[in-house]
Amino acid sequence: MTRHTPPRPVDVEALFPELRPLRREAVRLHPRAGRPSCHDSSVGGPLLWPADEPWPVCGEEHYEADSNTLHEGEVHLVPIVQVHQADAPGIAFPRGRDLLQVLWCPYDHGEFRYPLPRVHWRSAHAVGRVGATPSPHPEAPECYVPDPCVVHPEQVTEYPRWDLPKDLSDALEDRFAQLEGETGWLYPYHLAEAPGIKLGGYPGWAQQPVWPECGGCGQRMDHLLTVASWEYDGESWRTWLPVEDRAVVDGEESWRSERGRAAQDSAGLMLGDVGGVYVFECRSCPGRPVGHWFDCS
């Protein structure tokens with residue numbers, strides 16, 4: 001079954017033409033529990049990884065699960081996202097590459113304690129013999145290891161929430177309030193950024209934006225991927241919940257029910273306190289250097 005986000009309940013650009021230059025396209029992945037193969041686009045599924053290429057490991061210092069104990073042993077990275085270019089309309093792939101693979105170490109790293117991502121671009125046709133995807137480290141926190149999910153990619157239009165320039169936010173504040181009073185729609189939750197796991201568009205920040213700069217050229221990096229804990233919450237579901245899932249979530253409070261949560265956190269991730277890991281890249285420098293950030297509510 002495919003997934004389709006309902007049309008926006010109002011014409012955003014007609015009401016707020018100032019937002020038109022800030023429009024961005026994103027690809028919502030809509031992960032749902034399934035049995036993807038290594039040839040499929042997926043979240044948490046096996047990767048199309050060459051048998052003659054060593055599986056990547058993390059040798060950096062990280063914290064053991066539920067502990068302040070530092071551990072320096074090598075750990076296999078776990079698959080997070082694999083997406084074929086055909087399933088990612090509007091996303092800029094490097095020349096000669098048609099497959100994006102993102103993995104991470106499923107242990108806490110750094111001051112803010114989050115899994116450390118790594119990005120690989122490759123040509124699917126050049127893989128040849130496929131190697132087996134290893135099982136996660138037996139002590140890896142389950143909340144950092146996504147369940148195998150098929151995806152239902154969908155291109156959507158976004159507008160900035162936390163990334164809205166302050167002067168523009170101040171200028172639109174009264175009109176946002178008027179819209180809420182007349183319709184009940186909240187710009188930040190219902191009309192701005194798509195929640196959930198997605199490519200492109202705006203990061204799904206839980207707090208104020210922190211855009212990394214490229215160490216090579218000094219420019220602000222581009223957003224590549226948001227890995228979020230939930231696909232929607234108790235407010236955003238009203239406009240961002242796919243049409244096909246609305247028979248499951250059939251009431252404003254039912255998202256809290258067991259059935260509602262099946263769609264809400266279908267990848268089985270919980271990053272901090274309902275947070276997200278954001279992956280960035282510099283498209284100007286050779287090798288497309290990668291940056292990342294984590295925040296939570």
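Predicted model: local features only at pLDDT ≥ 70, side-chain atom pairs only at ≥ 80, totals over all residues.
1. Ground rules first. Residues are numbered from 1 along each chain as its sequence is written, and side-chain values use heavy atoms, with hydrogens and water left out. Local features need pLDDT of at least 70 and side-chain atom pairs count only at pLDDT 80 or more, while totals for chains, interfaces and linings use all residues.

2. The structure holds 15 salt bridges (a side-chain nitrogen of Lys or Arg within 4 Å of a carboxyl oxygen of Asp or Glu). One of them pairs R28 with E231, with 3.7 Å between the closest N and O atoms. R28 sits in strand 1 (residues 24-28) and E231 in the loop between strand 14 (222-228) and helix 4 (237-240), 203 residues apart. Strands here are DSSP runs of E, at least two residues, and helices are runs of H or I, at least four, numbered from the N terminus. Both R28 and E231 are buried (under 20% relative accessible area, with exposed over 50% and partly exposed in between; 1.4 Å probe, protein chains only).

3. R32 and D245 also form a salt bridge, at 2.6 Å between the closest N and O atoms. R32 belongs to strand 2 (residues 32-33) and D245 to the loop between helix 4 and helix 5 (258-264), so this pair ties together parts 213 residues apart in sequence. R32 is buried at 8% relative accessible area, and D245 is buried at 5%.

4. On to the domains, whose bounds come from an automatic or database domain assignment: domain 1 is 12-30 + 152-295 and domain 2 is 33-151. Their centres, taken over C-alpha atoms, are 22 Å apart. The contact (heavy atoms within 4.5 Å) takes 27 residues from domain 1 and 32 residues from domain 2.

5. What area is buried between domain 1 and domain 2? About 2400 Å², with carbon and sulfur atoms giving 75% of that area. Buried area is the accessible area (1.4 Å probe) that two parts lose on being put together, summed over both. R288, H292 and F294 supply 19% of what domain 1 buries against domain 2, more than any other three residues.
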